[in-house]
Each structure stands twice: as C-alpha cells, then as structure tokens.
Amino acid sequence: MSLRESMSDRVKQILVRRILKGIYKPGDRLVELQLARELDTSQAPVREALRELEVMRLVECQTYRGTRVREVSQRELQESYQVRSELEALAARLAAPKFSAHPESIQEALAALKVAAAKEDIEQFTQCNTAFHRLIVETSGNSILLRVWDSLTFEALTLINLVLVKQKMVNLQSFNQQHQAIVDALVQGDGETAAQLLRSHLETAGVANSTP
C-alpha cells in the first residue's frame, strides 16, 4: 500500500467516524481544501476518500453544491432494515453449520456486546453490534451477500444509534438477550431458528425507531 493510499484510508476512517457520531450532520458540506488543511495532507487523498464515501452512500456530490453529508430518510431506514432482515436470515441458514463446528468467533462477538452493555457505552455497543451481525453474514461464505449487506451499513448504524438514544440504553440487556438466543441457535446448527430470530430482532429495531 502506497503512502497516498494509506493516507486516503486514514482520511476516510476519520470522516466516517465523524459522520456516524453526528459531528458532520446531514446537509453539511465537506470541502476538500478545508479538510486537507485540517488533516495536514494534500487534496488528493481527501478527494479519494470522498469518492469512497459517495460509493458507501455516506455523502452525495451535486453540481454547484459540492459534497455534502447525505440525509437518510425515515422511510429509507425502515426499507433498509426490511432488506437487511432477509439478508441476515439467509446468512444465518448458511452460517449455522460453520458456527456449530467452530463457535468461538460468534461467542467472542457476543461477549464484546455484553461488555459494552454493562458499561452502558452506546458507541461501543453500536460498533460491537455491527461487528456481530457482519460476522454472521461473512461466515455465510457468500461474497455477494456480504457486499450487499455492507452497502446497507450506514443506514443500519444510523438506525441503531437512533433506537439506543431514544431508549436511553434501558433495553441494551434486552437486545443482548435476543443476541444470546441467536447465538444459541447458530451454535446448535439450527439455521432456520436463527434466521427467524434474526428477522424478528431486526424488525423489532425498525419498529422501535418508527414509534413516536
């Protein structure tokens, strides 16, 4: 990896973190020159990072308006979770035999979620939650399934944050009870039950966010 590529990746990680934390809000303009000066780099890696963020659908580039943080609508969030629930249900069925043979990775992911819940750390819980669900999709062994799931990550993270903030962390343990049941089914090799539990789990998150 070249120095320019590594700098572009570093800039991308910084921008993603700021967007997901709400430091950059929907509609905020991201100016190449300003970011380059702030991050002590040239405009080239910033430009490359912004292009990658556009592919990830975190930002959008419009003529005469520049690059701005993309706004994710309530409907889009709900629709992304409808799709994601079906993707993860399929992933669970494919991954269950592998987790049954080697349960260590999913058990470690669950343990990390429990630590975050115990500390009542929303940011850490969100990151661990995303890692938990991605692990299931990745373990399915279907690269196209993983690619599609990854394209929904921003919407998923946004929704998770909204749900947890709204509920003021009261239900973190409840989330983990659902995660535990999913892990139990996967470790037992019961892909169908794991699929049903995942679908219900994700639909619950979507409903919670749409409730006033």
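Me: Which residues are linked with Asp-9 in a network of salt bridges?
Reply: Asp-9, Lys-12 and Glu-52 form that network, a salt bridge being a side-chain nitrogen of Lys or Arg within 4 Å of a carboxyl oxygen of Asp or Glu. This is a predicted model, in which local features need pLDDT of at least 70 and side-chain atom pairs count only at pLDDT 80 or more, while totals for chains, interfaces and linings use all residues. Residues are numbered from 1 along each chain as its sequence is written, and side-chain values use heavy atoms, with hydrogens and water left out.

Me: How far apart are the closest N and O atoms of Asp-9 and Lys-12?
Reply: They are 3.9 Å apart.

Me: Is Lys-12 buried or exposed?
Reply: Lys-12 is buried, at 18% relative accessible area, whereas Asp-9 is partly exposed at 28%. Buried means under 20% relative accessible area, exposed over 50%, and partly exposed in between (1.4 Å probe, protein chains only).

Me: How many salt bridges are in the whole structure?
Reply: The search finds 12. Among them, Arg-57 and Glu-76 meet at 2.6 Å, N to O.

Me: Turning to helices, at what angle do α5 and α6 pack?
Reply: The angle is about 165°, with the axes 9 Å apart. That makes α5 roughly antiparallel to α6, a label for angles over 145 degrees. Axes are lines fitted to C-alpha atoms, for helices over the stretch in contact, and angles run from 0 to 180 degrees between N-to-C directions. Helices are DSSP runs (H or I, at least four residues), numbered from the N terminus.

How values were computed
Helices (H or I, at least four residues) and strands (E, at least two) are DSSP runs, numbered from the N terminus. Angles under 35 degrees count as roughly parallel, over 145 as roughly antiparallel, 65 to 115 as roughly perpendicular and the rest as oblique.
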